[in-house]
Amino acid sequence: MASVTTIVSQLTSSAFLPATEFCRLSQSLLHWSQMQGPGIDLKPPPYALDALEPHMSKDTLEYHWGKHHRGYVNNLKKQIEGTELDGMSLENIILASYNKGDVLPAFNNAAQVWNHDFFWESMKPGGGGKPSGELLELINRDFGSFESLIKEFTIAATTQFGSGWAWLVYNDKKLEVVKSPNAINPLVLGYHPLLTIDVWEHAYYLDFKNLRADYISTFLDKLVSWDAVSSRLEAAKVLE
Amino acid sequence: MSWSSSNYLCISSSSSSSVISSNELARFDRCRLACESEGHRGKCQDLNRPTNIFAYNSLKPPSFKFDKGQRRKDHVLKKPRNISAYYSLKPPSYKFDALEPYMSKRTLEVHWGKHHRGYVESLNKYLEKDDILYGYTLDELIRVTYNNGNPLPEFNAAAQVWNHDFFWESMQPGGGNLPILGLLQQIEKDFGSFSSFREEFIETALTLFGSGWVWLVLKRNEKRLAITTTTNAVTPLVWDDIPLLSLDMWEHAYYLDYKNDKARYANVFMDHLVSWNAALARMARAQTFVNLGEPKILVA
């Protein structure tokens, strides 16, 4: 496991890989990430940076992942070096630095690293469509219909003022839509996140400028990976 | 009292009279309430006419500034006449390309034309729904809707309108350089030197997480200048401090020009955009309320 991680981290810190290698490596990385030990690294999205065109441009991915996400990773590494947080897994760093609301300095960076990892994995090329199986059943049970989930999620994402995220979470055996400001994520509330959308302006400014509503509807129509949501739901049900 | 002095736009954009009688006010009110329901177009034609208090008492309608052809077209298209606006979108006092190459024309077009305009429109939409907040100046509205830390829904829109007006006025073409006169003296007194002030301002801008603003304020109680940050839409007005300068650190303010390079944006603002003239004028006005000078004690 360690050798795979180091190889990938060496490769990802250089220029972009050809698509096939990328997919192969990142798929193995996705598997490892479930059991990732200590070590904070910039994980690449599980698809090439231009794979989400035309709905999310390559430019956006290059800046959003290559500059913002990378910046959070680098700043976090600098912050935890030599402290007791060094060596902890990312999720544990988040919970420890959340400090019941009185956040320590590492929280923002740690949470943003986690949030962005989660965000890339919440999308896929050729995404969108409708969920199926158990996920759809739960959606119909907790929201009435798929359309009403879409509506509620859209409202949460649109009304998150300033920077933040909107989430579909699994809590208390129920699905819920929540929104959070800046770097906060539902992990600190003990929820199980299933899906997220980044509504920080850097996520959509290059493609949509001020039209956040268009970005949200494009995300839900064309980008969201319901497969990822379903598999996260399976994992969450085991834990509940 | 003159309505044109505040951010009020109440009747029609071509209103030329600056003194409004109470009759006029009542008439506007009735008209506005009538306009809120559809099908009252006839009565609401007043809203499109320039207000002319002299015409009120005469039977002759005032002369129109609108093109008659346009008016007829409106009639034919049966557009609802429920136009009401409470706060206006003030343009910056320079052209959109005047801040090039430090802040591009495209940024001004989107930032002012879409974001700022959006805040004004959403504020007006809120106010349309409910009369209770009608009649405040923008400053007062911000304080009222801030509600001592438990903001009402209108707060974000109102505060952002004010913040952006303030921001455009905090910049000028050919800005930057150094402050002069009393402002420079006060900065040197409170920060040690201009360069340490500048360093602190930029440092503060870079460490602000999420969306917000960086301000140079005059603290009323402590009678000194300070640099503060606020998140999202909050403004130092709600703490009764007097802002002198602001820098918009929402990503939409710099993303088109600088992408993620906040440091370059903040430096360029300080070097080429900031309007020390505006800050000086604001400080001079502030000194009506805050006594900054040493008391002159006469020696016998």
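How many residues of chain B are in contact with chain A, and how many of chain A with chain B? In this predicted model, 19 residues of chain B are in contact with 18 residues of chain A. The legends below take up that interface and then several local features.

**View 1. The interface between chain B and chain A.** The size of an interface is often given as the accessible area lost when the parts come together. Here the area buried between chain B and chain A is about 1,900 Å², and carbon and sulfur atoms give 63% of that area. On the side of chain B, the residues that lose the most area to chain A are Phe209(B), Glu251(B) and Tyr255(B), which together account for 38% of what that side buries. The rule finds 7 residue pairs in polar contact across the interface, with both residues at pLDDT 80 or more, whereas the count of salt bridges between chain B and chain A is 0.

**View 2. The side of chain B that touches chain A.** At least two residues of this side are supplied by each of helix H4 (105-129), helix H6 (154-169) and helix H9 (251-258) of chain B. The most comes from H4(B), which gives 5 residues to the side of chain B that touches chain A. Sorted by class, that side of chain B holds 7 nonpolar, 8 polar and 4 charged residues.

**View 3. The open sheet of chain B.** Strands of a sheet pair through backbone hydrogen bonds, either parallel or antiparallel. In chain B, 3 strands form an open sheet in the order E2-E1-E3, and their pairing is antiparallel. Strand E2 (224-231) and strand E3 (242-248) of chain B are the edge strands, each pairing on one side only, and neighbouring strands of the sheet are turned by 25° against each other on average, with direction ignored. Strand E1 (residues 212-219) of chain B pairs with E2(B) over 8 bridges, and one bridge has Val217(B) with its partner Ala226(B), which lies in E2(B). Helix H8 (residues 194-207) of chain B packs on the sheet and touches E1, E2 and E3 of chain B, while the direction of helix H8 makes about 145° with that of E1(B).

**View 4. A hairpin of chain A and its positive phi.** E1(A) and E2(A) pair in the antiparallel sense over 8 bridges, and Trp167(A) has Val178(A), in E2(A), as its bridge partner. The hairpin of these strands has 2 residues between them. Asp172(A), in the loop between strand E1 (164-171) and strand E2 (174-181) of chain A, has a positive phi of about 60° although it is not a glycine.

**View 5. Two cis peptide bonds.** Most residues other than glycine have a negative phi, and most peptide bonds are trans. In chain A, a cis peptide bond with omega of about -10° joins Glu53(A) and Pro54(A), and Pro54(A) is found in the loop between helix H2 (19-34) and helix H3 (58-80). In chain B, a cis peptide bond with omega of about -5° joins Glu100(B) and Pro101(B), and Pro101(B) is found in the loop between helix H3 (68-77) and H4.

**View 6. A salt bridge in chain A.** Side chains of opposite charge can pair when their charged atoms come close. The count over all chains comes to 16 salt bridges, and in one of them the side chains of Asp41(A) and Lys77(A) meet at 3.7 Å, N to O. Asp41(A) lies in the loop between H2 and H3 of chain A and Lys77(A) lies in helix H3 of chain A, so this pair ties together parts that are 36 residues apart in sequence.

Conventions: Residues are numbered from 1 along each chain as its sequence is written. Chains are lettered from A and ligands numbered from 1 in the order in which they are written. This is a predicted model: local features need pLDDT of at least 70, side-chain atom pairs count only at pLDDT 80 or more; totals for chains, interfaces and linings use all residues. Side-chain values use heavy atoms; hydrogens and water are left out. Contact means heavy atoms within 4.5 Å. Buried area is the accessible area (1.4 Å probe) that two parts lose on being put together, summed over both. A salt bridge is a side-chain nitrogen of Lys or Arg within 4 Å of a carboxyl oxygen of Asp or Glu. A polar contact is a pair of N or O atoms within 3.5 Å; within protein, one must be able to donate a hydrogen and the other to accept it, and residues adjacent in sequence count only if both atoms are side-chain atoms. Helices (H or I, at least four residues) and strands (E, at least two) are DSSP runs, numbered from the N terminus. Ala, Val, Leu, Ile, Met, Phe, Trp, Tyr, Cys and Pro count as nonpolar, Asp, Glu, Lys and Arg as charged, and the others, Gly among them, as polar. Two strands pair if DSSP finds at least two bridges between them. Axes are lines fitted to C-alpha atoms, for helices over the stretch in contact, and angles run from 0 to 180 degrees between N-to-C directions.
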